Structure formats: C-alpha cells, structure tokens
Amino acid sequence: MGSIKVLGLSGNVKQPSRTASVVRSVVTAVEQHFSIEGRVIELVDAAPILFRALRADQLDQAGRDIIDAVEAADILVVGSPVYRASYTGALKHLFDLVDFRALTGKRVILAATGGTPLHGLMTEHQLRPLFGFFNALTVPTAIYATESDFTGHALTSAAVAERINRAVSELIQLFPNADVSTRIAHTNLHPETV
Ligand SMILES: Cc1cc2nc3c(=O)[nH]c(=O)nc-3n(C[C@H](O)[C@H](O)[C@H](O)COP(=O)(O)O)c2cc1C
C-alpha cells in the first residue's frame, strides 16, 4: 500500500478557530504515528469556493480540488463547531458535494467544539450518522471541547488530549493489515441512483 493520506476538515466559519485547533492537534497525532504529513482544510477558506457550486457538476477547478482531496484521503479528521445543535451548514455543503461512494471504508475521527457541555453529543447524533451514510468507519471515541479547554484558541486541556490519544489508538486498530483499499459494493438501490 502507498503512503496513507490524512486530511483534517474543520467546519469553522471564522478565524481564529478553536475547532481548527482541535482538528490540527488530532492530525498532528495521526501524522506522528504514521510518519506522514497531513493537511487541514478549514471551511472558512473552502466554503466561499464550494458555495459557487450548488451541485457537484457545477464545481470549478478550485472546488473540484477540495472535493478530490476529501475523496482521496484514507483518514479523515472531521471537526465542527456546534451551530444550532449541529455541525455547520458550510461543512454539510462540502459533504453534499462528495460522491456517495467515495468515503466507503475510510477511517474517520470525529471532533467538535461548543459553547456548552450540554451539546457534547452532537458528534453522536449529527456527525456520526453522516459517516454512517457514507459507509465510513468512525472510531468510537469522539472529541469534544468547550471554551475552558483552551487558552485563547490553543487547546490546553489534558483531558481532551487524553481523548485524542484514545481516538488515535482506536484508529490504529482499524489498520490491522494496513489495507485501506476495501470497498463495499453499493447496490443501485442507493437513494442517489433511484
Ligand atoms: C451561529 C452560532 C451558533 C452556535 N450554536 C451553538 C449550539 O447550538 N451549541 C453550543 O454548544 N454552542 C453553540 N455555539 C458556540 C460555538 O459552538 C463555540 O463558540 C465554538 O467553540 C466556536 O468554534 P470556532 O472557534 O471553531 O468557531 C454557536 C455559535 C454560533 C456563532
């Protein structure tokens, strides 16, 4: 197998961003384990490009490049600020442009930041089902952080760092034979084909 590709996607729509800080921390932990170099895309940069298209067939080259990077990744680290009890609309738009077959079997770590601990299950009720749709493999431990976990916008919580380590350990277990090429066949009963 060739080199594993890791891509961080952060749904933040402003900068500086606590969510981007969490996503970068997770990507760094993955990079260290696999001795690879990853990349992080923030929706604050990507959304103005992606919203020039309402459908995948309307993407210009810059938009296509972003979606291609998502579809080509082996590991995705997907984080979002909680907005209105869900992930941001900008992040949803990106995933509406991703081919419904493209994320099958990809390994995914989920993360979020919010204003209140009460919305910590957004990762379970909103983000995880999105990757269920895509037949992707999300690791069990999701990462959630609130303002008190940061100094400014830098993540400084030992408890959150511990969850990141746990999520990365789980990710490693999803690479038993370092084979990321498994593809589950889709039937033509998929909602986008009927
Ligand atoms: C439009 C908007 C909606 C928000 N909705 C929620 C919410 O439903 N629940 C919550 O816990 N925090 C909510 N927040 C707070 C953000 O999730 C929180 O400040 C987050 O850490 C910001 O991340 P960022 O620094 O990456 O932009 C909201 C913030 C904004 C601006």
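Two residues are taken to be in contact if their C-beta atoms, placed from the backbone, lie within 7 Å. On that basis, residues 24 or more positions apart account for 77% of the contacts in the protein chain with a separation of 6 or more. The model is predicted: local features need pLDDT of at least 70 and side-chain atom pairs count only at pLDDT 80 or more, while totals for chains, interfaces and linings use all residues. Residues are numbered from 1 along each chain as its sequence is written.

The protein chain has 6 helices and 8 strands, where helices (H or I, at least four residues) and strands (E, at least two) are DSSP runs numbered from the N terminus. Their order from the N terminus is β-α-β-α-α-β-α-β-α-β-β-β-β-α. The radius of gyration of the protein chain is 16 Å, close to the 16 Å that the globule rule gives for 194 residues, so the chain is as compact as a globular protein of that length. This radius is taken over C-alpha atoms, and the rule is 2.2 Å times the number of residues to the power 0.38.

A residue is buried if 20 or more other C-beta atoms, placed from the backbone, lie within 10 Å of its own, exposed if 12 or fewer, and partly exposed in between. Buried residues make up 39% of the 194 residues.

In helix α4 (residues 89-96), the buried residues are Ala-90, Leu-91 and Leu-94. What covers them includes β1, α2 (43-50) and β3 (75-81).

Around the ligand there are 15 residues, the closest being Ser-17, Thr-19, Pro-81, Gly-114 and Gly-115; a residue is near a molecule if its C-beta atom, placed from the backbone, lies within 6 Å of it. Both α1 (18-34) and β4 (107-114) supply at least two residues of this shell. The table gives its classes.

| Class (members) | Residues in the shell |
|---|---|
| Nonpolar (Ala, Val, Leu, Ile, Met, Phe, Trp, Tyr, Cys, Pro) | 4 residues |
| Polar (the others, Gly among them) | 8 residues |
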